[in-house]
Amino acid sequence: MTPHSKVQNNLVIEAIDEIASAIQLVTGVEKAVLHEPMIGQVETDAVSQCIAGGFVSSVGPAITQFENMLCDYTGAEHAVAVVNGTAALHLMLVASDIRSNSEVLVPALTFVASGNAILQANAMPHFVDSSPADLGIDVAKLDGYLADITEMRDGCCWNVKTGRVISHVMPVHVFGHIGNVEGLKALAERYNIKIVEDSAEALGSWKGGRHAGLFGTCGAVSFNGNKIVTTGGGGAILTDDANLAMRIRALATTAKRDHPFLYWHDSLGFNYRMPALNAAFGVAQMARLDAMLEAKSRLRMAYQDAYSTARYTAFFAGPADCQANHWLNAIQLDQSLSQHRDAILHGLNERGYGCRPVWNLLSELPHFRDCPSMSLDQATDLANRLINIPSSAMLAPDLVG
């Protein structure tokens, strides 16, 4: 081992020590997974009651109750519960009249479901860069990029380089942080592009008194097992558009027309409705949401304080004008350690802390390699340096309730 490599190895060990010590200081535990839901007797009782009532499939009062609770909490006029977040993303694209082979602007820094749903809707992901300030779309950079590559024809935004219409933009509220939606709305209006939000991680996040998923045409949320509110597997579409909600609901139910006994389907549909058992679980979870968000806020503040004097990392606080749900807390490695991210992650996991990197950029994945993309220098840097640390609500200091 050369003197230089010894120095680098020592830096990695020191960074691991610093990160792990802060996690233990805040949580008081020696081992912790990245994120786990809070589940107790209330959820067990809710599912048992659902079974006792005979509603275990995609009909029953639990589904309506869960959807109503989502509307009451978020302020959405309509919520349609479905089997998972990816199905929700797919449905909202199809229901919002996406054109075959059109392009959807989407961050490269997102979970693979964002891009997969676009392909499933017979459209083309067009990858855009992310803002270091909020991890969402860098609107100013996108503005300049669109000015260079597009022209308006007959009210549509055409990509002159690919010959395709850019019909939609899908902002992603990464880790629950809502980015520059105001700027994005102004940009989308100028180019006549529809906004459909990937709010999978953002239940409980607000900006300017408005809940995530309600800044555009519609938004998808996820209730996967690793989310704050889980239904085991599940998702939902939020919207204020009654006609759109009606279409989404029909498409999610195999496009079957209401009839006492006939099976009449008036278009291609999907078997995406959420089962009642999952919805019952979700009803119990929604009752915990405020307490969990309070706990996660305490955890975030404790982490921010613990990392305030760190030498090798900086805590990612997110935009000040967003009331985030703090689904996953993140730290950012010093630039000098970006090439050692994986070694640091190995060390943290060996010590019992389930830390994870942010996703590989979608533009790097094999099935997206032919998709158009702008310069992704900021997203690349974020991907190399961001690390998620244990963020379960039960890890919060002085947890009550």
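The structure is a predicted model, in which local features need pLDDT of at least 70 and side-chain atom pairs count only at pLDDT 80 or more, whereas totals for chains, interfaces and linings use all residues. Residues are numbered from 1 along each chain as its sequence is written, and side-chain values use heavy atoms, with hydrogens and water left out. Arg300 lies in helix α10, residues 289-306 (a DSSP run of H or I with at least four residues, numbered from the N terminus), and its side chain reaches the backbone oxygen of Ala317 at 3.4 Å.

A search of the whole structure finds five cavities of 30 Å³ or more, a cavity being a set of points on a 1 Å grid over the protein atoms alone where a 1.4 Å probe fits but cannot get out, with lining residues having an atom within 4 Å of a point. The largest cavity has a volume of about 80 Å³, and its lining includes Pro171, Val172 and His173. By class, this lining has six nonpolar, four polar and no charged residues. The second largest cavity, of about 50 Å³, is lined by residues including Glu201, Lys227 and Trp327, and its lining has six nonpolar, two polar and two charged residues.

Notes. On a 1 Å grid over the protein atoms alone, a cavity is a set of points where a 1.4 Å probe fits but cannot get out, and a pocket is an open set with protein on both sides within 12 Å along at least five of seven lines; lining residues have an atom within 4 Å of a point. Grid points are joined across faces, edges and corners, and a volume is the space filled by probe spheres set on the points. Ala, Val, Leu, Ile, Met, Phe, Trp, Tyr, Cys and Pro count as nonpolar, Asp, Glu, Lys and Arg as charged, and the others, Gly among them, as polar. Helices (H or I, at least four residues) and strands (E, at least two) are DSSP runs, numbered from the N terminus. A polar contact is a pair of N or O atoms within 3.5 Å; within protein, one must be able to donate a hydrogen and the other to accept it, and residues adjacent in sequence count only if both atoms are side-chain atoms.
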